[in-house]
Amino acid sequence: MKKYFFTSESVTEGHPDKVADQISDGIYDEMLKQDPDTHAGIECFCTTGLVLVGGEARTKAYVDIQKTVRNILRKIGYDKQEYGFCAEDVGVVVTLHEQSPDIAQGVDEGEGAFKEQGAGDQGLMFGYATNETPELMPLPLVLAHKLTMKLAEVRKNKTLPYLRPDGKSQVTIEYENGKAKRVEAIVIAVHHSIDVSLEQLREEIKEHVIKPVVGNFADENTKYFINATGKFILGGPPADAGLTGRKIIVDTYGGHGAHGGGAFSGKCVTKVDRSGAYMVRYVAKNIVAAKLADKCEIQVAYAIGVAQPVSILIDTKGTGKIPDEEISEIIKKVFDFKPKEIIEHLNLKRPIYMKTAAYGHFGRNDPDFTWEKIDKVEEILKHVR
């Protein structure tokens with residue numbers, strides 16, 4: 001019997017890096033509302049008293065970026081000066097420039113060396129799915145996300161009125177022979193006011209956040225670490241500067257499967273770091289939903305300006321019910337990996353991205369997350385010999 005432990009983390013929407021991600025995607029959403037053909041790569045840096053927005057965009061839209069940034073900060077919960085970072089008085093500096101024409105020719109149909117719409121950059125992306133949860137996602141990450149979502153919920157509904165926006169979770173699962181058995185450890189770090197004792201905070205986080213989420217996965221031997229260093233009064237960007245694209249494992253599979261290194265937020269859908277990663281999640285999920293494998297990891301790689309991938313790799317981690325080579329052939333028959341086809345099939349030119357920027361891009365039950373559909377199962381099974 002092989003026993004091992006696996007750990008994943010999540011962060012709240014008020015975590016500095018997630019603040020930056022939501023600003024980048026929130027600005028992109030505002031552009032998409034007016035111009036679905038917007039091309040963008042929007043980056044954000046936030047620290048004490050400052051939000052810096054930079055990068056590139058090509059759009060017909062006019063966006064009041066100052067107003068957009070402040071609205072996003074209010075929505076997250078940075079709306080009081082006592083937090084040291086407040087929507088009303090933070091400085092917002094904007095340094096966006098137009099997209100390079102050298103890049104644009106690679107993604108515009110009829111331009112560049114190839115006439116089809118090509119990939120917006122070179123790169124490799126991974127998609128992953130596993131049948132260990134209903135979401136077809138790894139259990140440690142599912143629980144970690146649910147914990148941070150619950151932290152936000154009890155803050156916003158005033159169940160725990162002393163909570164502030166920043167926070168993190170971490171969940172360690174004990175596996176036996178590849179099956180999740182129990183929760184070994186839970187780590188919570190949460191931003192709070194001076195109006196609560198550490199003893200009260202630990203007790204109430206366990207009661208109102210951990211128990212409703214973890215349930216029977218915890219047992220008498222589960223370890224709890226709640227604000228293990230003590231107080232967490234100074235939080236958010238004044239405590240730790242935030243950057244777009246710094247939580248790529250939180251955004252994807254919690255460390256299960258591989259990662260190509262490309263972040264998502266602020267990037268338009270012509271950039272395959274985003275659209276390609278959504279596509280391979282969609283494909284992997286449909287393979288697992290079709291019960292052709294218990295786990296499935298897919299790598300796809302592109303050259304800038306070229307429509308067809310340079311490679312596609314399938315790995316079912318030894319759980320495939322048919323050979324991986326056969327699954328690979330089925331995938332090539334059922335799915336089209338050209339960037340234009342991905343964008344059209346998944347209907348990606350919509351202003352839906354700010355909500356992807358916290359609590360993960362995958363495993364979410366939201367109809368806007370089209371890459372989570374399992375609508376190709378019957379077609380896949382038709383090709384099984």
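View 1. Leu52 has Val93 of strand 4 as its bridge partner. This is a predicted model, in which local features need pLDDT of at least 70 and side-chain atom pairs count only at pLDDT 80 or more, while totals for chains, interfaces and linings use all residues. Residues are numbered from 1 along each chain as its sequence is written, and side-chain values use heavy atoms, with hydrogens and water left out. Strand 3 (residues 50-58) pairs with strand 4 in the parallel sense over eight bridges; two strands pair if DSSP finds at least two bridges between them. Strands (E, at least two residues) and helices (H or I, at least four) are DSSP runs numbered from the N terminus.

View 2. Contact means heavy atoms within 4.5 Å; axes are lines fitted to C-alpha atoms, for helices over the stretch in contact, and angles run from 0 to 180 degrees between N-to-C directions.

**View 3. Helix 1 against helix 2.** Helix 1 (residues 16-34) and helix 2 (residues 65-76) pack at about 130 degrees, their axes 10 Å apart. That angle makes helix 1 oblique to helix 2 (under 35 degrees is roughly parallel, over 145 roughly antiparallel, 65 to 115 roughly perpendicular, the rest oblique). Helix 1 contributes Val19, Gln22, Ile23, Gly26, Ile27 and Glu30 to the contact, and helix 2 contributes Ile65, Thr68, Val69, Ile72, Leu73 and Ile76. Of these residues, eight are nonpolar, three polar and one charged (Ala, Val, Leu, Ile, Met, Phe, Trp, Tyr, Cys and Pro count as nonpolar, Asp, Glu, Lys and Arg as charged, and the others, Gly among them, as polar).

View 4. The order is 5-10-11, and the pairing is antiparallel. Its edge strands, strand 5 (123-130) and strand 11 (311-315), each pair on one side only. The twist averages 15 degrees from one strand to the next. Helix 7 (residues 272-289) packs on this sheet, touching strand 5 and strand 10, and its direction makes about 30 degrees with that of strand 5.

**View 5. Strand 10 beside strand 11.** Strand 10 (residues 295-302) is joined to strand 11 by five bridges. Gln299 stands opposite Leu313 in strand 11. Helix 8 (residues 324-334) lies across both strand 10 and strand 11, at about 135 degrees to strand 11.
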